[in-house]
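Welcome! Please take a look at the sequence and the structure below, and then we can walk through them together.

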Amino acid sequence: MSTEEARVRLEQVFREVFDDDTLSVTEDRQREDFPGWDSLGHIRLVSALEETFGVSFSIEEIEAMTSIGRILEAIRART
Amino acid sequence: MSPGTYNLIDLPWLPRAAGDFRAQLSAVVADAEADWGPRLRYLATSALGLNHAMALSRAMHELASTRPSRALTPFRLGLVGNGTMDFVKPMLEVAALRHGLALELCAADLGQGMQQALDPDSVINRFRPDAVLLALDHRGLPFRAADGRWPPYDAEAALTELQAMRDGFRRHGGAMSLVQTLPAPSELLFGSLDASIRGSLRSEVSGLNAALAEDVPRRGDLLVDIDWLAQSVGLDHWYDPRTWYMARLPFAQRALPLYADFVARTLGAIRGKARKCLVLDLDNTLWGGVIGDDGLEGITLAEGDALGEAYRAVQSMALDLRRRGIVLAVCSKNDDATARLPFRDHPGMILKESDIAVFVADWNDKASNLERIARQLELGLDALVLLDDNPAERELVRQVLPQVAVPELGPDASTFVKAVLGAGYFESAAFTREDLVRADQYRENAQRAELLESSRDLDDFLRSLDMRVRFAPFDATGRKRITQLINKTNQFNVATRRYTDGEVAGFEASPGHYTLQVSVSDRFGDNGMIAVVICVRGTEEWLIDSWLMSCRVLNRKIEHVICNRIAADARAAGARRVVGEYRPTDRNGIVADLFQRLGFDQCEAAGTTSRWALDLERFQPFDVPARVAP
């Protein structure tokens, strides 16, 4: 999967999880840029990522997902 | 859900969420006119993940804050857990909606269950819940010894703690408890020895579950068998250590929709929402093949044949349901005589014609035939479950009659049993003597209906039934059935007040209340307890707090017999008037004119409630076609 494909699917996941069809997901955006991305939002996000990409992340990987860029990295490492 | 699998964790009996789910949801929110309850319930009757559930929950809160839904039954639930409840809450609301309930939740903070139970002023006790769910597992109860000695685990303290919590919520919050059984641990310390050695977590958890199964129903609380649910999902899939460590989620997120539905079924059962009748299609549902084309020899129904065994298992399940009081009906597109042929002449059939209360085989559309079946059984459409292998028929019935439950099925008949039983349509909060004979009673009713057609005059017919009516005040023996009737009777119910088992026990001893449990038998059989009355005694005036009757005995003048009895007892106690209230719901229209028919005068109306008074000095007892047994 190319980075762009992964980014587009990630954007869909974000829109679904945070219930906002206008969210745009780019590599440079940080956790603080998304109001719904709190600690429970993070758990929902990770569940949705695991389901969408068919992977399972370690606790360390999950805790390191503090930006779009780092999520894409984690997905790249697993797929 | 991948094709070919049929796993409970996917809620496979429900249709998948619609692609335009969010658009449909917005349309309901935008409509300020229609009752939103049935429409949200329809949206909730699909397999929804957490994100959809949260959107639906938000929409429901928004709508409920402006206008309540008349189609949903309120339920106030307190929540005590040893994990994060944030995700459980919206999913429970959605699952409750699926079962016809508008759920209001009040959750304790993590680990605060005991304080909440014992403090009369706690958030949950002040909330006055109908019930409190004790969603605790072995990590939330005092199981583990602090020191390093053997044994590491002991169920005694956990059992005591659960009892204290239940007592606290009952005493201070007036609420029953729904107690979860504990899932087995996912790992063993010794290995197989854990099962038999005291002090291992596995044996202590199973000991605790056994003790709960004894103790919980005895004291008017209910078990929610999460132990079974976790086993069914598979312990390895149930527990997710990562999310437990990160966010205190007590089980895997993937199991959340199933968990919530499982809990909501129990709430539904308490409120009388469980279904009562299984309607069976025939071809490719009860047997393989098409009887009209393949003939008796051609249909698949033999022992030793794999598919034949699968169809026989469907029939065995139906028979087991009938044994526990679920009514069976047949609805098939067939010629009547052809459809009955296997029941009469196929040696592989487990179901007999006499097991079927209503048998409809013709070429009308299924939706009209389901309406006809409901009418004949005097049941609501929301009491029906349709088992049908044909996806087009299922979709049609869902569209036309959304009240009927229609399970999605797997790739072959080996999934049908799981579809019906796994969906929990017939969840029950109690099992009484009446349940044992109910399916027979519905058949007897059909026979009475036949007799009615042959008798010209209703009174002649009723007299020919040779009815005997028995009255008794509330007592411990009748309590379970009384509570069941109070909570599930929707149609003949003048005030629709619901009471818990504990409250019913309170009426038994209360000198300020007059209570009646009413049983009826006739020459076709014993109908068991069919009516309940509660009056508040005053010196001048008795007020009918509750009066409800099972629809099995409608149109038999039993209400006149009961009215005679109340009037006689009130008069003997020196009262001058009996006052009744009619509080309309969307289901109890049949008693809108009850008091008028019984000769009560209307006195006033407050909002939609109307009040009626019977002047005891003027009252002449009705001539009734029944004998009153002492």
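## Where chains A and B meet

Four salt bridges are counted between chain A and chain B in this predicted model. One of them links A:Glu16 with B:Arg22, where the closest N and O atoms are 3.7 Å apart. On the side of chain A that touches chain B, helix H1 (3-17), helix H2 (39-53) and helix H3 (59-64) of chain A each supply at least two residues. H2(A) gives the most to that side, with five residues. The count of residue pairs in polar contact between chain A and chain B is seven.

How many residues of each chain are in contact across this boundary? There are 12 from chain A and 16 from chain B. The size of an interface is often given as the accessible area lost when the parts come together. Between chain A and chain B, the buried area is about 1,300 Å², and carbon and sulfur atoms give 61% of it. In chain A, the residues that lose the most area to chain B are A:Leu40, A:Ile43 and A:Arg44, which together make up 42% of what that side buries.

## The sheet in chain B

Now let us turn to chain B. Here eight strands form an open sheet with mixed pairing, in the order E15-E16-E14-E13-E12-E11-E10-E17. At its edges are strand E15 (601-606) and strand E17 (626-629) of chain B, each of which pairs on one side only. From one strand to the next, the twist averages 30 degrees.

Strands of a sheet pair through backbone hydrogen bonds, either parallel or antiparallel. In chain B, strand E13 (residues 541-549) and strand E14 (residues 577-582) run parallel and are joined by four bridges. Within E14(B), B:Gly580 is the residue that stands opposite B:Ile544.

## Helices across the sheet

Helix H23 (residues 558-572) of chain B lies across several strands, including E13 and E14 of chain B, and runs at about 155 degrees to E13(B). H21(B) lies across strand E11 (513-522), strand E12 (525-537) and E13 of chain B, at about 75 degrees to E12(B).

## A closer look at B:Asn487

B:Asn487 belongs to helix H21 (residues 479-488) of chain B. Is B:Asn487 buried or exposed? B:Asn487 counts as buried because its relative accessibility is 7%, and the cut-off for buried is under 20%.

A polar atom of the B:Asn487 side chain lies 2.9 Å from the backbone oxygen of B:Thr483. Beyond its neighbours within four places in sequence, B:Asn487 is in contact with B:Ile270, B:Arg271, B:Gly272, B:Arg498 and B:Tyr499.

Technical notes. Residues numbered from 1 in each chain as written. Chains lettered and ligands numbered in written order. Predicted model: local features only at pLDDT ≥ 70, side-chain atom pairs only at ≥ 80, totals over all residues. Heavy atoms only, no water. Buried < 20%, exposed > 50% of the residue type's maximum accessible area, 1.4 Å probe, protein only. Polar contact = N/O pair within 3.5 Å; in protein donor to acceptor, adjacent residues only side chain to side chain. Contact = heavy atoms within 4.5 Å. Pairing = 2+ DSSP bridges. Axes fitted to C-alpha atoms, helices over the stretch in contact; angles between N-to-C directions. Buried area = accessible area lost by both parts, 1.4 Å probe. Salt bridge = Lys/Arg side-chain N within 4 Å of Asp/Glu carboxyl O.
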